[in-house]
2 protein chains.
Amino acid sequence: MGDSSVRQDVIVGVDLGGTKILAGVFGPGLKCLATAKLSTKAERGYDAVVERIQRCVRDAIDEADLSSKQVRAVGIGAPGAINPSTGDVLFAPNLRWKDAPLGEDLAKFLDVPVFVENDCNVCALGVHAVELEGKPRSLVGIFLGTGIGAGIILDGELFGGFNRTAGEVGHMVLDVGGPKCGCGNRGCFEALASRTAIFRDLSDAIRDGAKSHLVDILAPGEAVTDLKSGDLRKALRKGDKLVEKVIEAAAEYTGIAVGNIINFLNPEVVVLGGGVMDALQDDMLAIIEATARDYAMTGTADGIQILASKLGDKAGITGAAVLARRRVSAK
Amino acid sequence: MGDSSVRQDVIVGVDLGGTKILAGVFGPGLKCLATAKLSTKAERGYDAVVERIQRCVRDAIDEADLSSKQVRAVGIGAPGAINPSTGDVLFAPNLRWKDAPLGEDLAKFLDVPVFVENDCNVCALGVHAVELEGKPRSLVGIFLGTGIGAGIILDGELFGGFNRTAGEVGHMVLDVGGPKCGCGNRGCFEALASRTAIFRDLSDAIRDGAKSHLVDILAPGEAVTDLKSGDLRKALRKGDKLVEKVIEAAAEYTGIAVGNIINFLNPEVVVLGGGVMDALQDDMLAIIEATARDYAMTGTADGIQILASKLGDKAGITGAAVLARRRVSAK
């Protein structure tokens with residue numbers, strides 16, 4: 001243990017979510033050698049989750065036929081506000097954590113350097129460094145899931161802003177007086193186009209009598225809001241008009257948000273990812289792009305790429321591995 | 001002419017607007033030695049405006065008891081999309097210019113290096129470098145006038161983005177389906193809080209029977225929309241309820257835009273300027289700041305300063321001088 005002389009360029013990237021933990025082992029050239037998955041069980045409290053992250057990391061290392069002595073560093077993307085210098089999770093409502101010394105605790109147990117960053121930042125880093133081979137000088141990655149967040153890359157590096165909280169695009173107000181958001185305000189992007197917002201609109205419409213195939217696939221006792229983004233894709237393939245209308249509206253709001261970002265920050269690339277996009281990019285991307293280009297001022301969107309990430313649920317572990325490799329090399 | 005050996009560290013900064021040209025002569029330490037002003041007369045066409053800018057620059061130099069041989073460089077802030085490398089004005093709807101080689105033409109006539117940038121970028125640079133002594137690492141300067149624009153400073157330098165058009169904050173959608181904007185979309189920040197939007201709302205309300213002191217100060221044949229931001233300040237001092245309501249709404253929309261920017265980019269300082277703020281900052285700043293902090297996510301606005309610029313209508317000439325001094329020194 002702790003003998004770094006036998007350590008190779010093996011990095012573990014961890015995506016810590018509110019419901020599941022995903023760990024990936026990456027070899028030279030950031031090739032993914034193996035992954036492991038565990039549920040988060042946030043309700044069991046901080047110590048239990050730390051133990052589960054460790055276990056998931058060890059499972060992934062074992063899956064890759066390696067030993068933990070061969071691992072050079074671990075990177076973690078965690079939901080919420082992070083202090084990347086200390087590895088502390090300052091505030092993570094999903095996990096009910098406040099000022100949790102995650103980096104320090106894991107480094108102690110795993111006996112390797114551990115680096116922590118916000119999950120959306122890590123995803124943006126993964127897309128930029130691996131999927132786009134580090135080419136764009138500036139990039140905004142928007143991730144649509146239960147919530148909506150973004151990561152900003154400027155000059156090839158993560159941009160954190162003054163409080164290291166940059167990228168909170170989910171709470172960009174697009175429709176003053178619009179639907180209530182979890183944050184207490186109204187008309188935030190997240191209240192208009194997240195999975196939560198999409199299922200709220202579907203559920204309300206069905207309750208008000210709208211017809212939808214979604215009702216047919218519900219298990220006994222299951223509510224529409226219990227369904228997954230993949231179920232929406234299936235309903236769309238069956239020509240479900242209600243789902244089509246709701247997804248189109250979410251894509252239009254996303255396009256307006258992308259237009260706002262192009263007008264304001266003018267990044268070289270805007271990339272879209274997250275569970276909603278992974279399931280529905282064929283249905284949403286064209287609408288998002290057309291709307292964004294319509295809302296961008298003359299000339300401002302010329303040559304700017306609007307893409308859907310192909311990394312899927314590997315964006316987080318990939319980005320976490322990129323983060324750890326950069327930081328451990330800079331040490 | 002052209003003998004640079006006698007040139008001192010004298011810089012001329014020019015603020016080219018749709019209605020007026022302001023030129024300022026700056027000595028060592030960017031002390032403003034003298035200014036001159038001419039109307040733009042954009043309707044006379046490009047060549048006439050270039051001649052007027054030259055004349056305004058020469059007037060300012062003469063006013064400072066200097067000769068043009070002593071001027072090291074000229075900087076210009078111009079409305080619209082600019083190519084700062086060539087000095088071309090790509091597109092300036094206010095002036096009805098397209099692909100105008102402003103920098104080159106002026107350099108020829110004035111026989112000194114001329115540097116051109118977007119007017120809001122130049123104002124942000126002036127506020128950052130002179131008013132805030134270059135201290136904030138990141139700053140967004142929002143300028144409320146006939147339109148609304150912004151300049152972004154990151155790591156102490158102007159950030160232009162991929163197409164050098166970053167800062168088009170006036171067309172950030174805040175209220176989908178809101179009032180029609182000049183750009184063709186609806187609910188843009190500029191359609192909610194610019195001088196144009198404020199006077200549109202006042203004029204509509206008065207036409208619909210609302211009472212206001214503004215009606216009493218109209219000259220014969222003058223419309224409410226012909227009044228100036230300073231007239232609103234006078235009406236507020238008289239307790240004008242209509243003006244109060246409209247200004248409060250504009251300040252709230254501005255606060256929401258500032259909140260969006262703090263959530264998304266998280267700059268160290270947000271500074272507000274432009275004609276509307278210069279006239280009404282005592283009435284608007286507190287509302288803008290309270291609204292922005294309310295819309296910013298927990299922790300994201302901590303320590304971030306929200307200020308009104310004290311440079312007034314000198315922001316443009318000051319920033320243009322900063323620009324020219326930096327660029328000529330880098331040559």
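**Entry 1: the contact between the chains.** I began with the interface and found 36 residues of chain A in contact with 36 residues of chain B; contact here asks that two C-beta atoms, placed from the backbone, lie within 7 Å. This is a predicted model, where local features need pLDDT of at least 70 and side-chain atom pairs count only at pLDDT 80 or more, while totals for chains, interfaces and linings use all residues. Residues are numbered from 1 along each chain as its sequence is written, and chains are lettered from A and ligands numbered from 1 in the order in which they are written.

Which helix of chain A gives the largest share of the side that touches chain B? I found helix α7 (residues 241-264), with four residues. By residue type, I noted 18 nonpolar, 14 polar and four charged on that side of chain A. Ala, Val, Leu, Ile, Met, Phe, Trp, Tyr, Cys and Pro count as nonpolar, Asp, Glu, Lys and Arg as charged, and the others, Gly among them, as polar.

**Entry 2: chain A itself.** I noted nine helices and 13 strands in chain A, counted as DSSP runs (helices H or I, at least four residues; strands E, at least two) numbered from the N terminus. Its C-alpha atoms fill a box of roughly 65 × 55 × 35 Å along the principal axes.
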